[in-house]
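Here is a briefing on one protein chain. It covers confidence, aromatic contacts, a few strands and a helix.

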Amino acid sequence: MSYYRDPHGFVFFGGSPGPAWRPAQRGAIGRLIGHWSIPRQPPALVSLPTGTGKTAVAVAAPYLIAPQRVLVVVPSRELRKQTVDAYRQQTVLRQIGALQGDHDPTVIEVTGLVDDWATIAAADVAVALPNSISPSYYAESTKPPRDFFDLVIIDEAHHAPARTWRAILDHFHEAAALLLTATPRRRDRQQLPGVDAYHYPVRLALDNGFYKPVHSVVLDLPPAPTQEVVDRLIATETVRIAGTPEHDTSSVLVRARTRERAEVLAELYANLGLEVATLHGGMSSGKRDAVLAQVRSGQRRAVAVVNMLGEGFDLPRLRIAAYHDKHRSLTATTQFLGRLARTDPDHPQASIVVAARDVDVHPQLLGAVRELYAEDADWAQILPGLIDDEIAEQRADTEYTQGFTAPPPSLALDAVTPSCSVVIFEVDTASGFEPDFAAGDVPDELQEGHRLCGQTILYSSIDPTGSTILVVTSAVQRPRWHASNPGLDAPTYALHLLTWRPAPRIDEPHLLMANCGDRTVMNRMLDVLGATPHVRPTDPRRLQEAFDALDRVSVSSVGVRNTYRGSVGVPTYTMFAGSSVDRGLRDADTDRRALGHAIAQIGSGHGSYSAGVSTGKGKYWESRQLSLRNYDVFTTEFASRYWLPTVAAAGRLLPNVTRGERLTSFPDDDVAVIEHNPAVRGMGWTTTQGGPVEQLELCLDPDQTRSGTTLPIVAVDPIDPETPVWEGFQDIHGDFHCSGVALEVQLGYAAPVAFEDLLSVRPPSLYFLGGRTVMGTVQYESPQRRTTLPPITYRSDAWDGVDFTSETKVKAAEKKKGISIHARLEDYLKAEPRRARHRWILCNDGPREIADYIVIEMDPGRRVTVSLWHAKSTGSQNSGVRVNDLQTVTQQAVKSRGYITDPGFWRLLGARLTGRDTPAITFVEGSERLLLLLCGENPDHPDWGIARRPPVVTGRIAVAQPGLSMNALRADLSSMEPSIAAQQVREFLTVLHDAVSSVAEIELLTCE
């Protein structure tokens, strides 16, 4: 093979016994010759792994184009000095046999900013740091001419995207440029300038003996170790290894993060018999150079280093590294490991890094190895033992994705990492349903190219286990603020997964888990698969039990649902957040509430993560994004916990808080109250005749037979309570059906809908005397059944001369058997001590009443107490324990609690005071003019502007029932076998307490 000599005796190529170029060097030089054969080429990027001869390529590059002047840019002072020596002596080329003769270039080391560029003009090569040579640091008048250099060489070129480095290439853009790096891509994924001229793989460097494995010694630590204990363990093991015959010529590098730490570690090693020099940036250049010379020669065997000997530093005898303190960056860590991996014929012994398995160093070490492996998988052979398990995981993931159908070139399945977030549905095993994809078939409507809810299906396939269908969709998204022009349209992509887990036993349900960010797409996919008629929401209790089976470390968020929710102004859902929030919740925070959601930190063998559950949405999620293979494991493990839950060491979360569960049968107890959903109250829903839907009363239909699966319900208008305006029933699936009189309702000008459809979408709350509450498909059971009377204010009155069977004054006048209950109640209210300066006693008796009597008390600060009094006649003049006498009045009291927190109460009160609404209000006591001001109905008053703001309200709900004898009730309940009537009365009072106590005080006025 022939070769060419330049005038200075440089040999480019040659056969035996020609120049001993390494394969990587030969390939790089050949590519550069071709690249620079065409003028004005962009910078050439050459990537050579550390130790494969990058320095020789840099020194040889000027001989390829014979420039007049060369600029070499390096990132550190140590590398600058090393590079100056390499160009000045040309030793590396003479050792290769590529340079003959004794001619050497003139080399200048640029230190600091250049005052006079003429001092550099006579040099062949200038070596500088970016902060000395970059035009960014010079005024326009002091910058060098753009043609000052003919060749620019950037060493450690992964720095090139930085502003000051890039400015060098931009300023000298007419010059040929070479970018040299051991890192073919930056870890922040920034694009390196130039074109990829040549890359030599790590695998070939290993095969050709330029790299060898770096063995790791990772020391286990005792519980709660101190820094001194960790340092001593690392130092002791390092000294032991250094004392073995194999490492007689090995240099030891001790990594320290500060100068003080370096001195402490040097003393520690000295006490163990190994003298360690220190090396840091605070030393004078002369002392630093002397230490480096001693380290290179082997005169000093060990050195403690602080942020030195980084990129570009060459120390062939370095074979032992004591990694006491982590580097500041992964880049520095990988360079550190790369130095150990380099081979040298004079030092063939193994390379070893000693570290502790602690939270400070070990994760950084693992992170560096992961980064190297991500850069080139062959690093796994050079750095064995540290991430072998992770490498095996990645290979398993790749093999798993090969079981899918081939994706388009733009989609890499091994890069797909779904979030662990699923909505869970159950399918009854008796239904016989199984989705088509479980048999390996993708439905036609989910095939590639079809449209799905306005999106185009880019890819669809079934996983190798046949349990999950994967669909990737694309759509064009346009910013709302740029809606009239397509100039900013951009494609977006979404991942949708449906997973089928067949039941392990006939008495367990199948599970269908949907992972879709778009609920519309999810519903459509369920339709396409034919699953919609068969799926049902997950059981909240079982979902929570699956969550409780996790190994909780701490709880960060808890949400509780108000099971007595039908009051405007009272939150139906309350959230509590903070570290270990579950330990700080009081009984008052969770009383009469059910667990809605929870978020906890979960501990596992692979680190910790957050997990959350929302029982109302049937959703479970984790803060992890997994490979497709591990996502399959995730759904499998969740299904196992759902079917066979176990209680973790942390126990059940909030064990005293009730859990919702799927409604499988209506309770046998009597219905105490049926309340409209809060989304119906105050939202403007009306019947087609114009009446407010919220004023319709829902109650159990006594003329129809109830069963475990159906509950007959009627809706009546209080104006005519005997004539239903709607008749129907609710089933255990939460759906309402019309079975008699039909009714249509509407919201604003929208098209009317059937009343039963509104109830199905916005289900009312059904409160049963046994303490259970039903909301749609979910029932909530009271954590404990009370056996005593609830804690409300009980008062008694003699009720002398009162006709218990006459509620109103008109009815008493007709019967002429005594005064009415209303008349006696008025006297009672007027005799009550005043709580504030102003007091009003109002009567609002009649259909759609707020209450029989309304008592409003206000102090000068506009703090207002509103008391709503409800009274009913009895079926007998004798007091006793009768359920019917209490039932109706309790229902009215419960429903009226919404007025206490509703700002619209004052508008309604003003409308009834002025006759714009019925029933009209009559005054028993108080100033009408001032009350109209309070209700915003007196604009001529000088304080009207202040009165328009709703006042601060304290509420009280009160029931007056002379037919109930408290003495008889208490005696009955304390007997060995309380009567059914006494137990039901207690349950009515319990419902009253549970529903009202969160918004108002409760008072019961009865007979003794």
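How many aromatic pairs does a search of the whole structure find? The search finds 14 aromatic pairs. Rings of Phe, Tyr and Trp (its six-membered ring) pair if their centres lie within 6.5 Å; planes under 30 degrees apart count as stacked, over 60 as edge-to-face and the rest as tilted. This is a predicted model: local features need pLDDT of at least 70, side-chain atom pairs count only at pLDDT 80 or more, and totals for chains, interfaces and linings use all residues. Residues are numbered from 1 along each chain as its sequence is written, and side-chain values use heavy atoms, with hydrogens and water left out.

**Confidence**

- The protein chain has a mean pLDDT (the predictor's confidence in each residue, from 0 to 100) of 86. In this chain, 89% of residues reach 70 or more.
- Among the elements of the chain, strand β19 (residues 510-515) has the highest mean pLDDT, 97. Helix α28 (residues 944-947) has the lowest, 47. Helices (H or I, at least four residues) and strands (E, at least two) are DSSP runs, numbered from the N terminus.
- Residues 1-5 have pLDDT below 50. Beyond near neighbours in sequence, this stretch has 14 contacts in the model (heavy atoms within 4.5 Å).

**Aromatic pairs and cluster**

- A pair of aromatic rings is described by the distance of the centres and the angle of the planes.
- Tyr-631 and Phe-634 form a tilted pair, because their planes stand at 45°, with the ring centres 5.7 Å apart. Both sit in helix α20 (residues 628-643); they are three residues apart, so about one helical turn separates them.
- Tyr-631 counts as buried because its relative accessibility is 2%. Phe-634, at 3%, also counts as buried. Buried means under 20% relative accessible area, exposed over 50%, partly exposed in between (1.4 Å probe, protein chains only).
- Tyr-828 and Trp-869 pair edge-to-face, at 6.0 Å centre to centre and 70° between the planes. This pair links distant parts of the chain: Tyr-828 is in helix α23 and Trp-869 in strand β41 (residues 863-871), 41 residues apart. Both residues are buried.
- One aromatic cluster is formed by Trp-117, Tyr-138, Phe-148, Phe-149 and Phe-172.

**Charges over rings**

- A charge sits over a ring if NZ of Lys or CZ of Arg is within 6 Å of the ring centre and within 35 degrees of the ring normal.
- Arg-69 lies over the face of Phe-148, 4.5 Å from the ring centre. Phe-148 also belongs to the aromatic cluster.
- Arg-970 lies over the face of Tyr-794, 5.4 Å from the ring centre.

- Strand β5 (residues 151-154) is covered on both faces. Leu-151 and Ile-153 lie on one side, Val-152 and Ile-154 on the other, and all are buried.
- In a regular strand the side chains alternate between the two faces of the sheet.
- Strand β2 (residues 70-73) runs parallel to β5, joined by four bridges. Two strands pair if DSSP finds at least two bridges between them. Val-72 stands opposite Ile-153.
- Strand β6 (residues 176-181) also runs parallel to β5, again with four bridges. Here Leu-178 is the bridge partner of Ile-153.

- Ser-134 is in the loop between α7 (130-133) and β5. Its relative accessibility is 0%, so Ser-134 counts as buried.
- Not counting residues up to four places away in sequence, Ser-134 touches Thr-164, Ala-167 and Ile-168.
- Helix α23 (residues 821-831) is mostly covered, with eight of its eleven residues buried. Among them are Ile-821, His-822, Leu-825 and Tyr-828.
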